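Here's a quick walk through one model, region by region. Have the viewer open and follow along.

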Amino acid sequence: MTRALLYCAGGGIGDSLIASVVARALHERYATVDALTLPAHRCTLEHVPDIDRVMVDDDLDDAHLASRLRDQSYDACVVTWATTRTARVPELAGIPIRVGQSRRLYSFRFTKRVVVRSERGDVTSHWSDVLLDYARAIGCDTSDRFPRFIPTAGDDAETFELLAKLGVEAKNVIVMHPTNAIAPKAGIWPVSGWAALARALRKRFDVTVLISGSRADATINDAIAAQSGARSIAGTIGIGAFGALARRARAFVGITTGSMHVAAASGAVTVGIFPFQSDFPERWAPLGARTAVVRASYPCHAGDKKETCADYACIANLDVPRILAETEAALASDASTLHV
């Protein structure tokens, strides 16, 4: 039986979820496709039907991890987040076909080397298509670029328990996600723009707005809830139950982050907000049957990046009317329509 390994140990949850389309492509040629990912990404990839088994890259010793992989007798390995370690381990494991990024000091360890499109000036191809170039290097491909995230019966039960506790029905809920990984660390994440959006969503669609996030986001979410009448669910459910909630809710509306990609992959009506001028909506748009993108409109200061911005004024000045319009369009769209 032919076996392949998808080594996607880097970036955020969205990176690993999008990388799962590479597993789908590899299934054209290999009977079994496993994934090796970061501990924090394990639960997400365990909900992906295109991956047969999820392993965790939690071994500090390269040689020991390679020994574990050698026992699996993989025929090929595709590395979607290349580092010195992720290049070295498959070589030490004796995997004969190793695909990874070109133009790096460690690229000699790969038997097939791929130049990332952005290094050729391409900033518009979606990241799913960029990653599929690795699979194409060994004759594998797929025309379906939509990642899939399938909640379990246990996830549904967790969701129903939460909704019962809140006294709301999923069909009367919009999930709003206002934070990314930077937000709780920045210390100055504005809440006024999200509060205005939450109030507008409640009024326009006559729904309860549930504000999702991790435990670290609770302070921000609570402040938004206090100003808007929305309700925070930060840190109350796992990623699987989040996917179950998103797909049952009227819609998911949120900033570009891993949660946006999980919502879209779960089948939710998904509106991705890209507030920063340095964002790349074409590259990171949510992929799903009914999705929409709201691009940056606030005039950022020259050179502003979300990692270094001094005031996050674009967050305080979200374009609420445009977000409402895109949400209405996504809700009304035919299931075969993709808005990017």
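## Ground rules

This is a predicted model, where local features need pLDDT of at least 70, side-chain atom pairs count only at pLDDT 80 or more, and totals for chains, interfaces and linings use all residues. Residues are numbered from 1 along each chain as its sequence is written, and side-chain values use heavy atoms, with hydrogens and water left out.

Helices (H or I, at least four residues) and strands (E, at least two) are DSSP runs, numbered from the N terminus.

## The sheet

Start with the open sheet: 6 strands, paired in parallel, in the order S3-S2-S1-S4-S5-S6. Two strands pair here if DSSP finds at least two bridges between them. At the edges sit S3 (53-56) and S6 (112-114), each pairing on one side only. On average, neighbouring strands are turned by 20 degrees against each other, direction ignored.

Zoom in on S2 (residues 32-37) and you'll find it running parallel to S3, with 4 bridges joining the two. Across that pairing, Asp-34 stands opposite Arg-53 in S3. Helix H5 (residues 127-136) packs on the sheet and touches S4 (76-79), S5 (97-101) and S6; contact means heavy atoms within 4.5 Å. The direction of H5 makes about 150 degrees with that of S5. Axes are lines fitted to C-alpha atoms, for helices over the stretch in contact, and angles run from 0 to 180 degrees between N-to-C directions.

## H8 against H9

Now over to H8 (residues 192-205) and H9 (residues 218-228), whose axes come within 8 Å and cross at roughly 50 degrees. That makes H8 and H9 oblique to each other: under 35 degrees counts as roughly parallel, over 145 as roughly antiparallel, 65 to 115 as roughly perpendicular and the rest as oblique.

Who meets whom? From H8, it's Ser-192, Trp-194, Ala-195, Ala-198, Arg-199 and Arg-202; from H9, Ile-224, Gln-227 and Ser-228. The residues of this contact split into 4 nonpolar, 3 polar and 2 charged, with Ala, Val, Leu, Ile, Met, Phe, Trp, Tyr, Cys and Pro taken as nonpolar, Asp, Glu, Lys and Arg as charged, and the others, Gly among them, as polar.

## Two positive phi values

Ser-73 lies in the loop between H3 (62-70) and S4. Its phi is near 55 degrees, positive in a residue other than glycine. Ser-73 counts as exposed because its relative accessibility is 52%; the classes are buried under 20% relative accessible area, exposed over 50% and partly exposed in between (1.4 Å probe, protein chains only).

Arg-103, in the loop between S5 and S6, isn't a glycine either, yet has a positive phi of about 65 degrees. At 52% relative accessibility, Arg-103 is classed as exposed.
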